[in-house]
Each structure stands twice: as C-alpha cells, then as structure tokens.
Amino acid sequence: MSSFAIIVRGAPYTSQASLSAYRFANAVLESGHSVYRLFFYQDGVYNASAQIVPPQDEMHLPKAWQQLIATHELDAVVCVASALKRGVVDDKEAARYELACGSVLPGFVISGLGQLVDATITADRVVTFSP
Amino acid sequence: MANLKSDKVVFMSSTSPWSPSDPSACMDSLLTFAVFDIPATLVLHGEGVLQVVKNQNGSILGLKTLAKTFGALGLYGIDEVMVEARALQHYGLSMHDLLDAADMETADQPLRFTSITPAQLASLIADSKAVFNF
Amino acid sequence: MTLHTWNKARTSHPSFELCRTSMAPGDALLLLEDGVYSALELAFVQLLQGSEQDSAYPCYALAADLAARGISAKIPNSVNVVDYMDFVALCLQHDRVVNWA
C-alpha cells in the first residue's frame, strides 16, 4: 500500500482542479492505497468553505470533500495564509480578527505550510491539482 | 530506481511577478521547505524569469515588489536560482539584466543566477522527491 | 521516471515546450481536464510519433474528460485512454508526478 499527498490549488467551480483532485482521491482509496494528507492551498482553500452555494445542477464539491474526509478520517489541511486572505476562517480566527463569523466546514483543519513539507517528505507520492 | 529516497524538492515558477497569487505562494512554500532544511531548488521558467529582472519598482503602481523577496533567499541557505535559458533568450535578457545587490538590499554575496537547459532540468527533476510548479 | 500531467487545451505553450524537452527516457505524459484537447492537435500527434531528435513517450488521456468533451472517438491510437484508477497506478509506476502550466 502506498500513500499519497494530494495538493489542491483550485477553487470549486472556477476550474476543474478540485473536481479532478476529488475523483483522484477517491480512486486512491478505492485502489487500496492511502491519502496521507489533503493540502488545500491558494484558491483551493475555498473547498473548505461552508458558505459556498453551488450551481443548481452540479454536485456540492465542498460537501463532497467533507463527506470523503469524514468517511475515511482523512487529514485535510487548509493553508492558513491562503485562507485568511480569502475569508475562509474558522471560529477561532474569526474571533481573533473580530470577523462576522467562522465559515469552515467541519473536518477541515486550518494550519501552516509546515504540513505541506511533512506531507511531501512522508508520503510516497505528491500529486498537485492546479487550475 | 533513481532517488526514491531523495528528500530534495524542486520549485518551478512560470508566472510574471505581477500575477496575483502564484509567485508569492511559490516563494512562501520554498522558504518553508528551506526552514525545515529540505534542499530546495528554484527554477524560473517562461514568464517566471521576469521575476528577477533588475530595477523593478512596484511602488509606482502602489504594489509590492516581489523582486525584493529574492534578497531573503540567502538567509535561508539558498544562494542560487535557476533561470530557463530559452525564456531569457525569448525576452532578450542576459544575466546582466537580472537582480543585483542593489535590488536585493543585501550587503552580502548577491544571489547567483544560473542558466538551465531542458536537459539539466530533467536531471534536477530526476534527482528530486517532488516537484512543485506554480 | 516521471509522470508529467498537462491540463491546458493547447500545447503551443511555453510550459508545454519545457515539459516536452525535459522529458527523459521512462517518462510519460497524462492529459487531463482541458489537456485532453491537445490530443486533437496535429502537431502534438506528430510529436507522439517521435522523430530523429526526440523519442516518443507514452501518452495517456483520462476517459471521463474525453467523454465529457465529446472527443473520445477523435483521438489517435497512440494516446492511451485511462480511468482514474489507472491514473493512480501510473503515479506509482513512476517516481514522481509533475504538473505543468
């Protein structure tokens, strides 16, 4: 069994990156391999947003990610620097910066680039999905 | 099989210094790997070579100047940046057109820029654990 | 050995040129998303056949992306159609995966 670090750099719906990454993550798991970490970077942090309303006839990607993460207990990291500047904040950050509210779906963890370093060194393969 | 145990990483960057997110995302990641002592090489290709043209001044537009961040690379143990030969040629640039000590606000040895060919890039890639392309 | 991925609709692109010229023996190319449109380009198809100067490399394209774009029947035989499980297997058959553009 091999482990994969999957990096997602695109927002849901504004490019196909996140959808490809989602399908790839599913295929990794179905193949009997593991997802060491999902790392959402730059616009990829929008996949963790609880505030996205998808187009009516399309799958709800953020919720699909949330479901996948919950079902397989995946480590899903959202890069803090990318998240803050895009308004994707958890309750703690919202309180700290006195913002209206937190907006991250459960299961996603806001953390730093150190998690990307760890994932790169530890996982057997690193695959990036970019807009 | 080559280098399954390699810990080296390569960062490639191909966007102009004025593009919104990619250049600084690349730099932030690169520096984080350097902080964790993972050997990381930066390769500027395509429009990315424009990131290191000398005399840039974003303040004219009220913008930050990415070129200034290259001065910090030395502090993180990165003293060389690879620049794609073909891209330099495309833009009519020579090594003399690239950042010097004055641009990087450092009294120490300025960053060394080294031209890289596709074959050399292939070797760099083959020698690495992972490659990031911004 | 490296698996290179391409997701843009055309290969007349400086990043693709660098991708192509930096490929080494044992490397392969996977087209995904809009990258599958590249398989329609005459220049790209000729490239796949190799030449005196450049070796041919295995080229793969994701089935779902081809089908969604209505071009499954229009791509050359030299492009191998694969699914996501094959994509996973390809990642493991190579030492690393590099995304271009």
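**One histidine and its surroundings**

Guide: Leaving aside residues up to four places away in sequence, His45(B) touches Met12(B), Ser14(B), Glu84(B), Ala87(B) and Leu18(C). Two residues are in contact if their C-beta atoms, placed from the backbone, lie within 7 Å. This is a predicted model, in which local features need pLDDT of at least 70 and side-chain atom pairs count only at pLDDT 80 or more, while totals for chains, interfaces and linings use all residues. Residues are numbered from 1 along each chain as its sequence is written, and chains are lettered from A and ligands numbered from 1 in the order in which they are written.

His45(B) sits in the loop between strand 2 (40–44) and strand 3 (80–84) of chain B. Helices (H or I, at least four residues) and strands (E, at least two) are DSSP runs, numbered from the N terminus. His45(B) has 27 C-beta neighbours inside 10 Å and therefore counts as buried. The cut-offs are 20 or more other C-beta atoms within 10 Å of a residue's own for buried, 12 or fewer for exposed, and partly exposed in between, with C-beta atoms placed from the backbone. From His45(B) to Asp103(B) there are 58 residues in sequence and 20 Å in space, C-alpha to C-alpha.

Between chain B and chain C, 19 residues of chain B are in contact with 12 residues of chain C. On the chain B side, helix 4 (118–126) and strand 5 (130–133) are the elements that give two or more residues. Helix 4 of chain B gives the most, with 5 residues. That side of chain B divides into 11 nonpolar, 6 polar and 2 charged residues. Here Ala, Val, Leu, Ile, Met, Phe, Trp, Tyr, Cys and Pro count as nonpolar, Asp, Glu, Lys and Arg as charged, and the others, Gly among them, as polar.

Next comes chain C itself. Its 5 strands form an open sheet in the order 4-3-2-1-5, with parallel pairing. The edge strands of chain C are strand 4 (79–82) and strand 5 (96–100), and each pairs on one side only. From one strand to the next, the twist averages 30°. Two strands pair if DSSP finds at least two bridges between them. Strand 1 (residues 2–6) and strand 2 (residues 28–31) of chain C pair in the parallel sense over 4 bridges, and His4(C) stands opposite Leu29(C) in strand 2. Helix 4 (residues 84–93) of chain C lies across strand 1, strand 2, strand 3 (59–62), strand 4 and strand 5 of chain C, at about 155° to strand 2. Axes are lines fitted to C-alpha atoms, for helices over the stretch in contact, and angles run from 0 to 180 degrees between N-to-C directions.

Chain C also meets chain A: 10 residues of chain C are in contact with 15 residues of chain A. Helix 4 and strand 5 of chain C are the elements giving two or more residues to that side of chain C. Helix 4 of chain C gives the most, with 6 residues. By class, this side of chain C has 8 nonpolar, 1 polar and 1 charged.

The partner of helix 4 of chain C is helix 1 (residues 17–30) of chain A: the two pack at an angle of about 75°, with their axes 8 Å apart. They are therefore roughly perpendicular to each other. Angles under 35 degrees count as roughly parallel, over 145 as roughly antiparallel, 65 to 115 as roughly perpendicular and the rest as oblique. In this contact, Arg23(A), Phe24(A), Ala27(A), Val28(A) and Glu30(A) meet Tyr84(C), Met85(C), Phe87(C) and Val88(C). Of the residues in the contact, 7 are nonpolar, none is polar and 2 are charged.

Chain A ends the tour. It holds 5 helices and 5 strands, and its pattern along the sequence is β-α-β-α-β-α-α-β-α-β. Strand 3 (residues 76–79) and strand 4 (residues 108–111) of chain A run parallel and are joined by 4 bridges. Val78(A) stands opposite Ile110(A) in strand 4 of chain A. Buried residues make up 48% of the 131 residues in chain A.
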